[in-house]
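The text starts from a single residue and then turns to the wider arrangement.

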Amino acid sequence: MASSDHKTVTAEQFLLELWQQNQGAISRTLMASEADPAARQDLKQDIYLALHQSAERIQAAELPRAYLFRIVHNVTVDHIARAKRQHWQELDEDTQHLLLQDCPSQEVDEQQQSQQLLRAVRQLSPANRQVILLAMEDLDAPEIAEILQLTQGAVRVRLNRAKTELMEIMHHGR
Amino acid sequence: MADNFDFAALAKSWQQQPTATEAPPTAADLSQAKRRQTEQKWLMYGEWLGAAVMLVAAFWLAFNIPDWLGYVSAVFLIAGALSSAYVAWTVHKPILEYDNWSSSGLLQFRTRACTLTLRYYLYTQLSCVALVLFAGLLWLMQWWHIAQVTPTLLIFYSLIVAPLCLLGIYRLQQKKKQKAAELHQLTTLAEDFQPDTEL
């Protein structure tokens, strides 16, 4: 979204539009970071509140999507730090139902792979999960570096480490 | 090892998985989240009020019992009030600008705040122990006629300060256990998020 396009809309409208454009990625981040549906709802509210409070800066930013993801991931990290339990290990019934709903039989295998992938992502260490989630949303190294406020070299190192961990989990389990 | 991984296919599969429609939270959801932040602020104001009460009590003691015992007691209370107010401000100061932080910086901040709180609990416990001992000392001085202790001071420290301090020591011990577990989790997370060295 070019910055010239959003001069006429209010910061709140701009945020709403940005949320809608990225709602798939936000939803996947939430599912990967929090297995408990009620806690996931709280996390979503916290994220939106944080976005709401930074709405004007997001609108003024050169890369609003990077700002959005930075806030989403920082609030998620804060949520994990405050969580008394580790929620991301198992798929809750809601998520399993969501992944298998209206699913023709020939697609069952694909859906089971999705479940396996989600389980594996949830088992990653939080820092590796963060970088994998961004990479799986097709963000490149400079964008991820901007979001995580790391150098591109550090992003490449972390991404490589995360891919290795993910592969180990998917192939050998944990 | 990671290079052999078909990450592009995995990313495609990831993006194609069905997701719930994440409609932006409603006004009611937002107000619920804001309420949680407000509760946090009220907690801070409550602790500030506690500090203010300690400060008032200190001045009351200094003006009503103008001898060395009164002044020492007042100094104890003032020190407690200042440390309570400072830690309440540091710990509850909300982080509203998540866009200005890196995850690593955020976790380091949380770890520092948690360490500070833990230290504050320990110092407060020690202050409480000192106050209980001080109350005991007042009784000893009264029994052995070492100094003239006013009944007001004895009653204030024996019936109000000492019981509250004993309760405080017990509650702080419980809080210390919780905070220690929190600190352990934060330290592990902060280490995990420590930026890697470039290759």
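## A residue in chain B

B:T124 counts as buried, with 20 C-beta neighbours inside 10 Å. This is a predicted model. B:T124 belongs to helix α4 of chain B. Leaving aside residues up to four places away in sequence, B:T124 touches B:G168 and B:L172. B:F63 is 61 residues from B:T124 along the chain, and the C-alpha atoms of the two are separated by 25 Å.

## Chain A as a whole

Chain A has 10 helices and zero strands. Of its 174 residues, 43% count as buried. Among the contacts in chain A with a separation of 6 or more, 71% are between residues 24 or more positions apart.

## Helix pairs around α5(A)

| Pair | Axis distance | Angle | Classes of contact residues |
|---|---|---|---|
| α2(A) and α5(A) | within 11 Å | roughly 15° | three nonpolar, three polar, no charged |
| α3(A) and α5(A) | 9 Å | about 135° | eight nonpolar, two polar, one charged |

With a crossing angle of roughly 15°, α2(A) and α5(A) are therefore roughly parallel to each other. Their crossing is right-handed. On the α2(A) side the contact is made by A:I26, A:T29 and A:S33, which meet A:V72, A:T76 and A:I80 in α5(A).

The axes of α3(A) and α5(A) pack at an angle of about 135°, which makes α3(A) oblique to α5(A). The crossing of α3(A) and α5(A) is right-handed. Here A:L43, A:D46, A:I47, A:A50 and A:L51 in α3(A) meet a set of α5(A) residues that includes A:L68, A:I71, A:V75 and A:H79. A:V72 and A:T76 of α5(A) take part in the contact with α3(A), and both are also among the residues that meet α2(A).

## Nonpolar cores

Which residues touch the most other members of the largest nonpolar core? They are A:I71, A:V131 and A:I132, in a core of 56 residues. α5(A) gives the most to this core, with 10 residues. Apart from this core lies another, of 12 residues, including B:L69, B:F156, B:Y157 and B:A162. In soluble globular proteins, nonpolar side chains tend to be buried together.

A:I71 has contacts in both chains: not counting residues up to four places away in sequence, A:I71 touches A:I47, A:A50, A:L51 and A:S54, together with B:Y98 and B:D99.

## Where the chains meet

The contact between the chains takes 54 residues from chain A and 40 residues from chain B. On the side of chain A that touches chain B, the elements giving two or more residues are α1 (11-21), α2 (23-33), α3 (37-53), α5 (64-82), α6 (93-100), α7 (108-123), α8 (126-136) and α10 (152-172). The largest share of that side, 10 residues, comes from α5(A). By class, the side of chain A that touches chain B has 25 nonpolar, 19 polar and 10 charged residues.

## Helix α9(A)

Which residues of α9(A) are buried? They are A:I144, A:E146, A:I147 and A:L148. These buried residues pack against α5, α8 and α10 of chain A together with α4 of chain B. After α9(A) comes A:Q149, whose phi is positive, near 55°.

## Positive phi in loops

A:D138 is not a glycine, yet has a positive phi of about 70°. A:D138 sits in the loop between α8 and α9 (141-148) of chain A. With 13 other C-beta atoms within 10 Å, A:D138 is partly exposed.

In chain B, B:H145 is a residue other than glycine with a positive phi, near 50°. B:H145 lies in the loop between α4 (103-143) and α5 (151-193) of chain B. Is B:H145 buried or exposed? B:H145 counts as exposed, because 8 C-beta neighbours lie inside 10 Å and the cut-off for exposed is 12 or fewer.

Key. Residues are numbered from 1 along each chain as its sequence is written. Chains are lettered from A and ligands numbered from 1 in the order in which they are written. This is a predicted model: local features need pLDDT of at least 70, side-chain atom pairs count only at pLDDT 80 or more; totals for chains, interfaces and linings use all residues. Two residues are in contact if their C-beta atoms, placed from the backbone, lie within 7 Å. Helices (H or I, at least four residues) and strands (E, at least two) are DSSP runs, numbered from the N terminus. Ala, Val, Leu, Ile, Met, Phe, Trp, Tyr, Cys and Pro count as nonpolar, Asp, Glu, Lys and Arg as charged, and the others, Gly among them, as polar. A nonpolar core is a set of buried Ala, Val, Leu, Ile, Met, Phe, Trp, Tyr and Cys residues joined through C-beta atoms within 7 Å. Axes are lines fitted to C-alpha atoms, for helices over the stretch in contact, and angles run from 0 to 180 degrees between N-to-C directions. Angles under 35 degrees count as roughly parallel, over 145 as roughly antiparallel, 65 to 115 as roughly perpendicular and the rest as oblique. A crossing is left-handed if the near helix is turned anticlockwise from the far one by less than a right angle, and right-handed if clockwise.
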